[in-house]
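Q: I would like to learn how to read the features of a structure. Could we take them in turn?

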Amino acid sequence: MKLAKFIIVFLILNFTALYLGSWLMNNGPQTNWYIHLNKAPWTPPGWVFGVTWTVIMICFSIFMAFLYNLNANLKVLLLYMLQWLLNIVWNFIFFNQHNIGLGLTTITLLTVIIMIFFFAFRKEMKFKSLLILPYLIWLCLATSLNAYIFLNNQG
């Protein structure tokens with residue numbers, strides 16, 4: 001029963017982060033600024049982002065519930081809180097403020113934190129570590145998209 005409560009708590013927290021990030025981006029993907037950027041040829045269609053983030057946050061919530069149930073320490077909480085904040089703030093930095101460089105730094109830090117989750121806890125999480133792979137893979141793709149925009153939209 002305790003695990004189910006943790007899953008619910010992390011689902012609420014993670015989907016709140018998605019909501020706040022979406023709200024802070026201020027229709028960013030539909031703005032003239034974003035539409036006219038030179039984007040990577042491998043940029044997925046817009047609908048893929050919503051579907052993917054939904055799956056990622058469900059998997060990540062389950063991962064976090066298992067991890068927190070096994071290891072509710074300060075390191076886990078601090079990493080989670082930092083991940084949560086970076087996930088939200090990237091949307092504001094990139095889409096709202098149009099700061100592609102700082103966005104790239106932010107998403108790179110977020111990717112590193114998710115890598116830390118995967119590698120630091122994979123022995124105790126065992127096969128449950130696979131639950132974080134969709135997040136890690138997607139962040140690698142998203143980081144490459146942000147990097148392409150950074151490199152191909154200067155001046």
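Predicted model: local features only at pLDDT ≥ 70, side-chain atom pairs only at ≥ 80, totals over all residues.

Q: What is the mean pLDDT of the protein?
A: pLDDT is the predictor's confidence in each residue, from 0 to 100. The protein has a mean of 95, and 99% of its residues reach 70 or more. Helices here are DSSP runs of H or I with at least four residues, numbered from the N terminus. Among the elements, H6 has the highest mean pLDDT (98) and helix H2 (residues 32-35) the lowest (94).

Q: Is Thr111 buried or exposed?
A: Buried means under 20% relative accessible area, exposed over 50%, and partly exposed in between, with a 1.4 Å probe and protein chains only. Thr111, found in helix H5 (residues 100-125), is buried because its relative accessible area is 7%.

Q: Which residues does Thr111 touch?
A: Contact means heavy atoms within 4.5 Å. Not counting residues up to four places away in sequence, Thr111 touches Leu136, Leu139, Cys140 and Thr143.

Q: Which residues are in contact with Ile100?
A: Ile100 is also found in helix H5 and counts as buried at 11% relative accessibility. Leaving aside neighbours within four places in sequence, Ile100 is in contact with Trp33, Leu37, Phe94, Asn146, Ile149 and Phe150.

Q: How is a pair of aromatic rings described?
A: The description uses the distance of the centres and the angle of the planes. Rings of Phe, Tyr and Trp (its six-membered ring) pair if their centres lie within 6.5 Å; planes under 30 degrees apart count as stacked, over 60 as edge-to-face and the rest as tilted. The structure holds 20 aromatic pairs. In one of them, Trp33 and Tyr34 have ring centres 6.5 Å apart and planes at 45°, so the pair is tilted. Trp33 is partly exposed at 22% relative accessibility, whereas Tyr34 is buried at 14%. The rings of Phe49 and Trp138 have centres 5.3 Å apart and planes at 80°, so this pair is edge-to-face. The pair links distant parts of the chain, with Phe49 in helix H3 (residues 46-70) and Trp138 in helix H6 (residues 133-152), 89 residues apart. Phe49 is partly exposed at 24%, and Trp138 is buried at 9%.

Q: Which charged end sits over the ring of Tyr34?
A: A charge sits over a ring if NZ of Lys or CZ of Arg is within 6 Å of the ring centre and within 35 degrees of the ring normal. The charged end of Lys39 sits over the Tyr34 ring, 4.6 Å from its centre. Lys128 lies over the face of Phe66, 5.0 Å from the ring centre.

Definitions and conventions: Residues numbered from 1 in each chain as written. Heavy atoms only, no water. Helix = DSSP H or I, 4+ residues; strand = E, 2+ residues; numbered from the N terminus.
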